[in-house]
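Welcome, and thanks for taking a look at this one with me. Here is a short briefing to read alongside the model.

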Amino acid sequence: MAVKYIPFFPEPIEGQAILDNFSRTLRYKGNADVKGLLQRGMPFYELETVETVGEQNTENMVIRGECLSACAYLKDNGVKVDLVYIDPPFASGADYAKNVYIRRNPKIAEAIAKAEEELDIDELKAFEEKMYGDVWDKEKYLNWMYENLMAIKSVMSETSSIYVHLDWHIGHYVKILMDEIFGEDNFRNEIIWHYTNKMSGSTSPHDFVCEHDTIFRYSKKDDCLYNVITEDRIEPVKQSKRVKVNGKNMRARDNEGNIIYEISTEKTIKDVWGIPYIASTDTQRVDYATQKPEALLERIIKASSNDSMLVADFFGGSGVTAKVANDLGRKFIHCDIGINSIQTTRDRLVAARANFKVMEIKDGVQLYRNPVQTMEKIKSLIPGLKNEDKVNEFWEGYISDSKLGKVPVYIPNLMDSSSKLLDEVMMNRILHEAIPDLSDDIKKVIVYYIDITSKEEIEKFIRDDKSTLVEIELRDLKDVLDDVVIEDYAEFECKKATQELMGQKVETEGYVVEVNKYISDRVMHKIDDYNKKAFVNDKKGTFKPIEISQDGLELIEFLSVDCTAAEGEWHSDSEIKIDKNGYVIVNGKKTKTFWNGTINSEKKPLRLKIRNICGDETEWKIE
């Protein structure tokens, strides 16, 4: 349950668009729902600091959670953001996945021998894992975006700007939303990001190939921060010198009235940006589906912020905004709902020697890596749920009961923050819209909730309503998720470090933790599923299944030891990340060394953390 609700704005601002007094009302479904959400406010949950990297008093934050809840936290703490860049879902209908690579096993001599040769990437064993689905109903998407943009505006400083990165699927609709939220007069630019090295989504011979995205830039007010950005010309040009006379831009002239010319080696950047997409071989590449080039964010951050200002990205993805902001001497906030985003950004910032806190919004449902996987897991955990034949779009499916027949089941959508709270507004919608749409033979429905204002109050609301004879059973979705995560298992030993001296091993300063066995039930289930599907679809009979050794060390991506505290906030006193080629990144520094199954530290480790190749992390105390 949310601790409290933070108002989007303390009071209506003159000229501010509220959903019931649009000067140009948007006629999309769900207006009333969004209006109710705005009146209620942003849900504020407790935030837990999971880890601090670098300076303890840092203001930089990497937050796992939804945009709405992150803005509630910032607003409640009086934090104002000077620049916002967001790259939200495009409502494109695409599913995004990451390639999960099996690492080399350091315990197998054969693998070590083979690792001495640089393997072609196609030889690496990998399977795909779904990250999130950009699959939206247009009206729901617009409602969702409206609420998020309102939340973001509530934490923007008076001189701030927001850049919203979209494409042709939904950009024109969001432009109208932004006119309403920020005001048409505060629209600054429609920026075209032009690239020529990205695979086009269209293969139709009847269409022009799409080679651009659109970025809408708005300011909070007319008086916004803006720095003119220039770039080098390919060849110098001769042009007339310009001066301002009585506020007008004029050609400069000498005392005799002749035009003054000068050689120009730079030009002002306009609103069409030719910046290449990230090539697969680029050193920036972090294997994140929606990763954007650093040059794109560098231009935005330089144009609309100055040193020490705060830059925020509430759909942070690969962490490029936070990384570039740090490189340019700005403070940053990275927010995302996916654990893979948080881990990718965290590791990227460690390599960049940044100071930051990793924080988690405790909304009670983040037991899995991202909302898509959590939703899939929820559906598999509800006994008897049949969702292959939905009752209608509101109900996830139904349960067959021998006495009652079909029992429709409602599950809140984790991708849609508006559905996470069961209050009187939502219950009223269920009673007067969803249930009346069901067939007359339905005698009972089950309504799952994540948060609820008060179960007693909602049950009383149902009894007092008396509009239906259908029985309504309320169930807490968090009860379904309890105790279903099987923690990864590891066998390891911690000992004093040694070195070879005159044919004998002698103790030296420091400690070493050696991992002898690692079992991840979660990853093995995914590998088994992959092997089964690939075998069924193998028409040529050439498929070779992914096989994991008995010690399972090839399932490990990352290790960290905490030598500071035995519980509470994590302190990564030493860490190793194993890249897909088997090389280790030690404390953020890349090497050409293969992992040997150990991690070293100067002090005695108190805890060990291991992250598997899918992103699940487990901690163990070291005795």
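This is a predicted model: local features need pLDDT of at least 70, side-chain atom pairs count only at pLDDT 80 or more; totals for chains, interfaces and linings use all residues.

A residue counts as buried under 20% relative accessible area, as exposed over 50%, and as partly exposed in between, with a 1.4 Å probe and protein chains only. Residues are numbered from 1 along each chain as its sequence is written, and side-chain values use heavy atoms, leaving out hydrogens and water.

**Overall make-up**

- The protein chain has 13 helices and 34 strands, taken as DSSP runs (H or I of at least four residues for helices, E of at least two for strands) and numbered from the N terminus.
- With a contact meaning heavy atoms within 4.5 Å, 73% of the contacts between residues at least 6 apart in sequence join residues at least 24 apart.

- Strands pair if DSSP finds at least two bridges between them; an open sheet of 10 strands with mixed pairing runs in the order β3-β18-β4-β17-β16-β5-β8-β10-β9-β15.
- At the edges stand β3 (47–53) and β15 (272–274), each with a single partner strand, so one side of each lacks a neighbour in the sheet.
- Strand β4 (residues 61–64) runs parallel to strand β18 (residues 356–361), and 4 bridges join them.
- Valine 62 has valine 358 in β18 standing opposite.

**Aromatic pairs**

- There are 13 aromatic pairs in the structure, counted for rings of Phe, Tyr and Trp (its six-membered ring) with centres within 6.5 Å; planes under 30 degrees apart are stacked, over 60 edge-to-face, and the rest tilted.
- Phenylalanine 187 and tyrosine 218 form a tilted pair, because their ring centres are 5.2 Å apart and their planes are at 55 degrees.
- Phenylalanine 187 lies in β9 and tyrosine 218 in β10, so this pair ties together parts 31 residues apart in sequence.
- Phenylalanine 187 is partly exposed at 27%, whereas tyrosine 218 is buried at 0%.
- Tyr141, Trp144 and Phe315 are linked into a cluster by ring pairs.

**Charges over rings**

- The charged end of lysine 406 sits over the ring of tyrosine 398, 4.5 Å from its centre (NZ of Lys or CZ of Arg within 6 Å of the ring centre and within 35 degrees of the ring normal).
- Lysine 496 has its charged end over the ring of tyrosine 511, 4.8 Å from the ring's centre.
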